[in-house]
Structure formats: structure tokens, C-alpha cells
Amino acid sequence: MFNVAFRQMVSTAFNVLLPFVVIHFAEKQIWGEFVSILLFILMASACNNFGHKEYLLRQFSAEPGKIRRYFTQNLYSRVPILLLSFVCTLLLFPVPQAFFISLSLIGLFVSQSFEALIVFEKRFRLSAIIEMVTGVILLIAIYVCRESISALLIVKLYAGYLLLKALVYVCLFFSFFEKKQTRLSFSTLKKSFPFFLLTLAGFLASKNDVYLVHFFLSKPKLAEYQILNNLCLFAMGTAGFFYIPFTKNIYRNSEVVIVKLQRILIIMGFLITISAVAVIFLVVTFYLKTTVPDYFYAIVFGYIFPSFVYGIKIIMLYKQHKEILVTTYLITGIVINVVLSALFLNLGLDITGALLGSAVAQWVVLGLFLKPMQEHRGT
């Protein structure tokens, strides 16, 4: 479990640290401009992934003898989606930006393709080292270029970082490619589609408030909110530290493990959420130096904590092949989030309003997942 936690912590901690480094050497405006580009990269990447991680984990668990076949087939089958994202990039951005954004999408496509293998084969320590070393290289590059930092320069460095990470993963996991399996399989995409909807819904559930802030507020405010959102997501992501290593046990009906994990998650979730609220208070007060109402921190707690309660519920519904039901719940949360956050932003509640809409949506989703399991089975 320690290796899982360390690997996940390194990866997510880097996403939290990066804006602090850029803003230290530049300003909120520049980071806000990069976030506008980053939001497109993340959305396109979520589409390019097409739910492959969740789909492959289930296939690997069901037929571990066919790991190489499933992995390679899924990778090749998603290439046309990647090419389509290049077209969208050229239509939406100037050519210099579009080129480096496309390189970023290639790097993400390749490196994230190994996520299912890392989880199933428990290569967490190796992955953590890769994430840490490549992340440090990017931070060093930003430091070297600190005198001429711009949004375009950050995109260039970010693309280089992602391509380097992708290259390392390819070299280390090359043996998992099945050279004879080079044909596209639309059947694979069809089977992955429910997971794609699910992961896209999950992505939007965690980021749609950032997109709304991008639309309603200034670039410096976007920079502030993206930092706070990353801190919240980092705290929420720690839930996976506890149950990801036991994914196979959950799929194989180990009820004892499931009950114990659920109890641990709720207790640890409360403690982690309190700690996250304290950290965010320090960041808001002493780093961002922005003003928020006192109840902002209660909203932060309400946004983070529910994920520790319903995380395992999602895996349980995966096991029952209820991906569409999970997607429906998440989409319900997204709609509520968008409507409320947009309303609160229009009322002038600033970043507090965006986070309040997200927190309300989280508790609605929690209520849906806490419905009795027999009701889920009958859905």
C-alpha cells in the first residue's frame, strides 16, 4: 500500500506544486493563460483515453493470460481518436501553440496508456520514480527559463516533459506490446464506451467548476481557483491510496476487505479533509493573499469529504457491470454543479460561489451512491 500511496502522491503533488513554481517566477496572469490551454489538453486527453484504464483492469482481472493482447489492441484502437484531437487543436489554436499542444497530447496518450498495467502489475514504485524524476526535470527547466517565462514557453516545456515521460514508459514496458496485434478493433472501443462516459463524467465532475471560472472570471482569478481546486483534488485523490491496491480483491468478492476498507476510508477521510482545510487556509492567507468569507473553509470540507465515502461504492458497481448507473449519478452531479456554480458566479460570489456549487453537487452524488445496494441491483 505504501508504494501505491507514494506513487499517487508524487504524481498529484507535482500538479499541485507546478503552479506555485510558475507564479513564483512569473505572475498569476501567465499561469492563468497557461491554464486556459491546459484545460483543453486535459479535456482532449480524457477523450483520447476513452475509458481504457477501467476497461482494461476488468479485462485483466477476468483473463490475466491475455494482458498483452488486450493492452496492445486497446492502444491501437484509440489512435484515430488521438488524430481527431489534433484536428480540433489546429482549429482552436494558432499554429505555434497547436504544434506543442499536439505534442503534449501524444505524450499524455502514451504515458497514460500504461496506467492499467501499472495498477494490475503493481509497478507503483517504478512509476513513482518516473513521475518524480521527470517532474523534477520540468521544474528545473522552468527555473532555467525563469527570466523569459510566458504561457507559450510553459506549453513547450510541458510538452517536452510529457514526451520524456512517455518515452521512459515505452522503454520500460515494451515487453507488454504484442507485435502481431496491430489492427484496430471497434469492438474494443464499443466495450470501452461505458467506461469512457464514466471517466469523462468523473473528469467533468472534478473540473467543470474550473471551466466555469475560466468563462466568468479573470485569468488571475482562474489561476487562484485552479490552485485551490488542485489542492482539493489532491486531498480527494488520497482515497484511492487505500482501495486501489485491493481492486482485484473487490472484483473477486472479498466482502471482508470491502467492509474494512470502507470503515478505514471514512475515518481517514475525516482526518485528511481537516488537514486539507488547514493547508488551504494557509495557502489562501499567506500565498495567494486573497480574501474569502469565513464559511469558505466549511465549503472546502463539504467538497472533499464525500469522495471518501462513495469511492468504494463505485468499484462495487463496476463489479456488477453498472457503469451506466455510475455515469448517471455523476452526470446528475455535473448538471447540479454547473447550474449552481454558474448561478453563484453570476451573483458575484467569485471563487467561493464556484466551490459552493461543487460542494452541493458532491453531497447529492453521495446520497445517490448511498442508496441501498439491493436498489442498485434492481436498477
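**Exercise 1. Contact range and overall make-up**

Task: Among contacts between residues at least 6 apart in sequence, what percentage join residues at least 24 apart?

Solution. 
- In this predicted model, 83% of the contacts between residues at least 6 apart in sequence join residues at least 24 apart.
- Next, take the secondary structure. The protein has 19 helices and zero strands.
- Then take burial. Of the 379 residues, 54% count as buried.
- Finish with the surface. The protein exposes about 16,600 Å². Carbon and sulfur atoms supply 69% of that area.

**Exercise 2. The surroundings of Asn49**

Task: Find the place of Asn49, decide whether Asn49 is buried or exposed, and list its contacts beyond four places in sequence.

Solution. 
- Asn49 belongs to helix α2, which covers residues 28-49.
- Its relative accessible area is 15%. The cut-off for buried is under 20%, so Asn49 is buried.
- Set aside neighbours within four places in sequence. Asn49 is then in contact with Arg78 and Gln112.

**Exercise 3. Salt bridges and a network**

Solution. 
- The structure holds seven salt bridges.
- One of them joins Lys66 and Glu63, with the closest N and O atoms 3.1 Å apart. Lys66 is partly exposed at 34% relative accessible area. Glu63 is partly exposed too, at 30%.
- Now turn to Lys221. A salt bridge joins Lys221 to Glu224, with a closest N to O distance of 3.6 Å.
- Lys221 and Glu224 both lie in helix α11 (residues 219-237). They are three residues apart, so about one helical turn separates them.
- Glu224 is buried at 5% relative accessible area, whereas Lys221 is partly exposed at 22%.
- Lys221 has a salt bridge with Asp350 as well, the closest N and O atoms being 3.2 Å apart. Lys221 sits in helix α11 and Asp350 in helix α18 (residues 350-369), so this pair ties together parts that are 129 residues apart in sequence.
- Asp350 counts as partly exposed, at 24% relative accessibility.

**Exercise 4. Aromatic geometry**

Task: How many aromatic pairs does a search of the whole structure find, and what is the geometry of the pair Phe215 and Phe216?

Solution. 
- The search finds 29 aromatic pairs.
- Phe215 and Phe216 have ring centres 5.1 Å apart and planes at 85 degrees. Planes over 60 degrees apart count as edge-to-face, so this pair is edge-to-face.
- Check exposure. Phe215 is exposed, with 66% relative accessible area. Phe216 is partly exposed, with 30%.

**Exercise 5. A cluster and a charge over a ring**

Task: Which residues form one aromatic cluster with Phe71, and over which ring does the charged end of Arg146 sit?

Solution. 
- Phe71 forms one aromatic cluster with Phe114, Tyr169, Phe173, Phe174, Phe176 and Phe177.
- For Arg146, look at Tyr143. The charged end of Arg146 sits over the ring of Tyr143. The distance to the ring centre is 4.0 Å.

Conventions: Residues numbered from 1 in each chain as written. Predicted model: local features only at pLDDT ≥ 70, side-chain atom pairs only at ≥ 80, totals over all residues. Heavy atoms only, no water. Helix = DSSP H or I, 4+ residues; strand = E, 2+ residues; numbered from the N terminus. Buried < 20%, exposed > 50% of the residue type's maximum accessible area, 1.4 Å probe, protein only. Contact = heavy atoms within 4.5 Å. Salt bridge = Lys/Arg side-chain N within 4 Å of Asp/Glu carboxyl O. Areas by Shrake-Rupley, 256 points an atom, 1.4 Å probe, with all protein chains shown as cover. Phe/Tyr/Trp six-rings, centres within 6.5 Å; stacked < 30°, edge-to-face > 60°. Lys NZ or Arg CZ within 6 Å of the ring centre and 35° of its normal.
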